[in-house]
Amino acid sequence: MDRHGKPITSDNIKNLVSKKLGYDTRATILGHVQRGGTPSAFDRILGSRMGVEAVMALLEATPETPACVVSLSGNMAVRLPLMECVQVTKDVTTAMAEGRFDDAVKLRGKSFENNWNTYKLLAHVHLPEVKTNINIAIVNVGAPCAGMNAAVRSAVRIGILQGHHMLAVHDGFEGLAQGLAFAGGLELVKAREKYEELCIPMVIIPATVSNNVPGSDFSIGADTALNTITMTCDRIKQSAAGTKRRVFIIETMGGYCGYLATMAGLASGADAAYIFEDAFNIHDLEINVEHLVEKMKTTVKRGLILRNEGCNPNYTTDFIYNLYSQEGKGVFDCRKNVLGHMQQGGTPTPFDRNFGTKMGAKSVLWITDKLKECYRHVLWFIFDHSGSICVVGRIFANTPDSACVLGMKKRALVFQPLEELKEQTDFEHRIPKTQWWLRLRPILKILAKYKIALDTTEKATMEHIIKKRGQV
């Protein structure tokens, strides 16, 4: 609708474009096709997490506990009072009907508001009349992953809007040639002591399918890789539709980080996922084989085993394949598949595109503020033709908070100094020492019908959205 409450139809826009711009235009109404399709890995995992949280909310409820809505805020499961959610929904409708569109945006939540503001910032370009004297360089480091282009585009666009001179460093540079972005960033910070030219603000945006960058729950590209693995697992399982009693062994990427194997296992209904962070031995393999033997006696006569490429140097994909083939002889047969670099390709998911866009925009705005903080006026005795003294400006940044990783932590995008993240990093295996997704591994085993206990020590609290946002 427009600001006067009149509806804006697709035909209105089509006719406007055709008449004013002279373009041949067609209107397509998607309709219910938006409700169909194969669920993404994100939606499957979200459904599983919310299902678990709903049961936990019921088990923990008392007669005084209000009815709640289970939701996800950032990366945290939260519970919101049902009646407050209903009230806010009504408030949005009222605000729209009364033409209070700014209030309606705020009522939809901080995430919606931030996304809308970022979109407006990037979509409507008004070049500044005055250019700054700031140069900002963007370096892509390591192997490509889906969503990087969105981050670069966003960063460059925001930089241009700020009046900066944006540069792209072709093929990275020598210190980061091996793709060690986080470690390379630390080397640059350390080198500030020796090279004053490196005393400039720096920010690292995590972009890797492995999702192994310290300081961030998510990395750009991980969602697309996860989706690729999940869809591939679907097709592999479907290939056995006409074959009874078959087990598939699938190897995923990730180095020593088991994020892809675990989350893909949760999304695709795997019977087990072997990863480096959750050590296993021959006894565990034996239990998994016995579990599959029993499973073949049921109506579901297919099995799926995922193995992270760096989970164990001795229990290789070939070893596990041979073990399962031998122990399952006469009960089930095995097939193996190493997915390889197909996990780094493909079309970026909406999550990765949006995540990359927000990260790119936020990083350049942060750098702009840091540059203003670090700008120093230096008095040089330089005499021009009039004989006056010139004051020259320069950038000098050597504080820990001037070199950061921008990452998603629980609910928000935050900047964390590289120096602080050193203690949280296992440099030998290139993984964070603490990883949030490990808490989800028991869900995978429970859904595969293993008899294990679920850790319920971390409980979600009831949050009040009306009090938190205030009355609009």
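Reader: Which strands form the open sheet, in what order, and what is the pairing?

Author: In this predicted model, 3 strands form the open sheet in the order β5-β12-β13, and the pairing is mixed. Strands here are DSSP runs of E with at least two residues, and helices are runs of H or I with at least four, both numbered from the N terminus. The model is predicted, so local features need pLDDT of at least 70 and side-chain atom pairs count only at pLDDT 80 or more, while totals for chains, interfaces and linings use all residues. Residues are numbered from 1 along each chain as its sequence is written, and side-chain values use heavy atoms, with hydrogens and water left out.

Reader: What makes β12 and β13 a pair?

Author: Two strands pair if DSSP finds at least two bridges between them; strand β12 (residues 403-409) and β13 are joined in the antiparallel sense over 6 bridges, and Met408 has Leu413 in β13 as its bridge partner.

Reader: Why is one side of β5 and of β13 left without a neighbour in the sheet?

Author: Each of them, β5 (202-204) and β13, stands at an edge with a single partner strand, so one side of each has no neighbour in the sheet.

Reader: Why does Gln416 count as buried?

Author: Buried means under 20% relative accessible area, exposed over 50%, and partly exposed in between (1.4 Å probe, protein chains only); Gln416 has 16% relative accessibility and therefore counts as buried. Gln416 is placed in strand β13 (residues 412-417). Not counting residues up to four places away in sequence, Gln416 touches Gly215, Ala403, Cys404, Val405, Lys409 and Leu421, where contact means heavy atoms within 4.5 Å.

Reader: Why is α2 called roughly perpendicular to α8?

Author: Helix α2 (residues 41-60) and helix α8 (residues 222-238) pack at an angle of about 85 degrees, with their axes 8 Å apart. Angles under 35 degrees count as roughly parallel, over 145 as roughly antiparallel, 65 to 115 as roughly perpendicular and the rest as oblique, and α2 is therefore roughly perpendicular to α8. In this packing, Ala41, Phe42, Arg44 and Ile45 in α2 meet residues of α8, including Asp223, Leu226 and Met231.

Reader: Which residues have the most contacts inside the largest nonpolar core?

Author: They are Leu226, Tyr259 and Met263, in a core of 42 residues, a nonpolar core being a set of buried Ala, Val, Leu, Ile, Met, Phe, Trp, Tyr and Cys residues joined through side-chain atoms within 4.5 Å. Helix α9 (residues 259-268) gives the most to this core, with 7 residues.

Definitions and conventions: Axes fitted to C-alpha atoms, helices over the stretch in contact; angles between N-to-C directions.
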